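This briefing is intended for a reader who has the sequence and the model at hand. Please consult both while reading the points below.

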Amino acid sequence: IRILSRRYMNNKVVLIGCGNVGMSYAYALLNQRTYVNKLMLIDLNRDRIEGEVADLNHCLPYAPSKISINVGDYKDCSDAQIVVIAAGANQKPGETRMDLIHKNASIFKGIVDNVMASGFNGIFLVATNPLDVMTYLTYKYSGLPANQVIGSGTSLDTARLQLMIGKKLCINPKNIQGYVIGEHGDSEFIPWSNANISLQNIRTFFTQEELDEIESDVRNAAYEIINKKGATYYGIGAALVRITNAILGNENSILALSVYDEKNDVYIGLPAIVNRNGVERRIPLKLTEEEERELQHSIDVIKENINSI
């Protein structure tokens, strides 16, 4: 009964930015059971989204959940539960995520101002790179409480980590207890002291050399994909659906997201409890001295780039 009551709430999501990432998110929503019952698409290219909406609607007879999908406008944000921002310049081969900062900072100001002008008081879910910086700017531009502004953070990086370990040990990736934390970018890292399989620390199964190789592969996964196919989008689309369902389902699930660190005045990837309020609270981590230094380095990288805008 509780699930049904939530299911028939106004679980409207507005997606801003209908490029590869945005449409991968929309398509992933159609192929998973979800609490979303209304999806509105906004993009500068009106013809493009009219075509996308028609194409997505043709999937509905085969979809596991009933969703109303339509072309949207900023006024549709007024009663939305979640606004997903996937708009902005894409990362090209040879570029870091931080190379996009000045292009996307100016784009975001206009987007967030238009959303807030509608009277929006839901949850922003940000997917645009450089992720932690763009999430911070959304928080500042919107004036919303920090719990209502979330970035996809290191959720995708964590999925990559779980997949790699699961393959090596022939274990379901969903049963790997470990997170990538810090910047969603080159300074991200894995606190191996907190990574476990069942009740055993990960070091029981791998040498330090093997752990270093896994960490390098996780950090460079996006670059490998971009060099081969030009962009990454399926993985982040699925990650955004997972976050969306955790919010609308009021799950109190723990996910690795870009959340606000009040002490350092930054958004950074950390495990946090997520429900219909957004970020309910962060999960405290007991890190080694070396891991503390790595986290501080990641914080410093993000702050430096925020200050450059």
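The model is predicted: local features require pLDDT of at least 70 and side-chain atom pairs count only at pLDDT 80 or more, whereas totals for chains, interfaces and linings use all residues. Residues are numbered from 1 along each chain as its sequence is written, and side-chain values use heavy atoms, with hydrogens and water left out. Helices (H or I, at least four residues) and strands (E, at least two) are DSSP runs numbered from the N terminus.

**Nonpolar cores**

- A nonpolar core is a set of buried Ala, Val, Leu, Ile, Met, Phe, Trp, Tyr and Cys residues joined through side-chain atoms within 4.5 Å; buried means under 20% relative accessible area, exposed over 50%, and partly exposed in between (1.4 Å probe, protein chains only).
- The largest nonpolar core holds 82 residues, of which Leu15, Leu39, Leu41, Val83 and Phe124 touch the most other members.
- Helix α8 (residues 234–248) supplies the largest share of this core, with eight residues.
- Another core, of 13 residues, lies apart from it and includes Leu161, Ile176, Trp192 and Val218.
- Leucine 39 is in contact (heavy atoms within 4.5 Å) with Val13, Leu15, Ala26, Leu29, Ile67, Ser68, Ile69 and Asn70, leaving aside neighbours within four places in sequence.

**Conventions for helix packing**

- Axes are lines fitted to C-alpha atoms, for helices over the stretch in contact, and angles run from 0 to 180 degrees between N-to-C directions.
- Angles under 35 degrees count as roughly parallel, over 145 as roughly antiparallel, 65 to 115 as roughly perpendicular, and the rest as oblique.
- A crossing is right-handed if the near helix is turned clockwise from the far one by less than a right angle, and left-handed if anticlockwise.
- In the residue classes, Ala, Val, Leu, Ile, Met, Phe, Trp, Tyr, Cys and Pro count as nonpolar, Asp, Glu, Lys and Arg as charged, and the others, Gly among them, as polar.

**Contact of α2 with α8**

- Helix α2 (residues 20–30) packs against α8 at an angle of about 55 degrees, the axes being 8 Å apart, and α2 is therefore oblique to α8.
- The two helices cross in a right-handed sense.
- From α2, the contact is made by Val21, Ser24, Tyr25, Ala28 and Leu29, and from α8 by Tyr234, Ile236, Gly237, Ala238, Leu240, Val241 and Thr244.
- By class, the residues of this contact are nine nonpolar, three polar and no charged.

**Contact of α6 with α7**

- Helix α6 (residues 155–169) and helix α7 (residues 208–229) pack at an angle of about 120 degrees with their axes 10 Å apart, so they are oblique to each other.
- The crossing of α6 and α7 is right-handed.
- Asp157, Arg160, Leu161, Met164, Ile165 and Lys168 of α6 meet Ile214, Asp217, Val218, Ala221, Ala222 and Ile225 of α7.
- This contact has eight nonpolar, no polar and four charged residues.

**Contact of α5 with α9, and tyrosine 136**

- Helix α9 (residues 289–307) and α5 pack at an angle of about 55 degrees with their axes 9 Å apart, and are therefore oblique to each other.
- The contact joins Asp132, Val133 and Tyr136 of α5 to Ile302, Asn305 and Ile306 of α9.
- Tyrosine 136, in helix α5 (residues 131–142), counts as buried because its relative accessibility is 8%.
- Not counting residues up to four places away in sequence, tyrosine 136 touches Tyr260, Asp265, Val266, Tyr267 and Ile306.

**Valine 180**

- Valine 180 lies in the loop between β7 and β8 and is buried, with a relative accessible area of 1%.
- Leaving aside neighbours within four places in sequence, the contacts of valine 180 include Asp157, Leu161, Val218 and Ala256.
- Valine 180 and serine 155 are 25 residues apart in sequence and 7.8 Å apart in space, C-alpha to C-alpha.

**Local backbone features**

- The peptide bond from asparagine 129 to proline 130 is cis, with omega near -5 degrees, and proline 130 is in the loop between β5 (123–126) and α5.
- Cysteine 170, in the loop between α6 and β7 (176–177), has a positive phi near 55 degrees and is exposed at 75% relative accessibility.
- Serine 198, in the loop between β8 (196–197) and β9 (200–201), has a positive phi near 55 degrees and is exposed at 56% relative accessibility.
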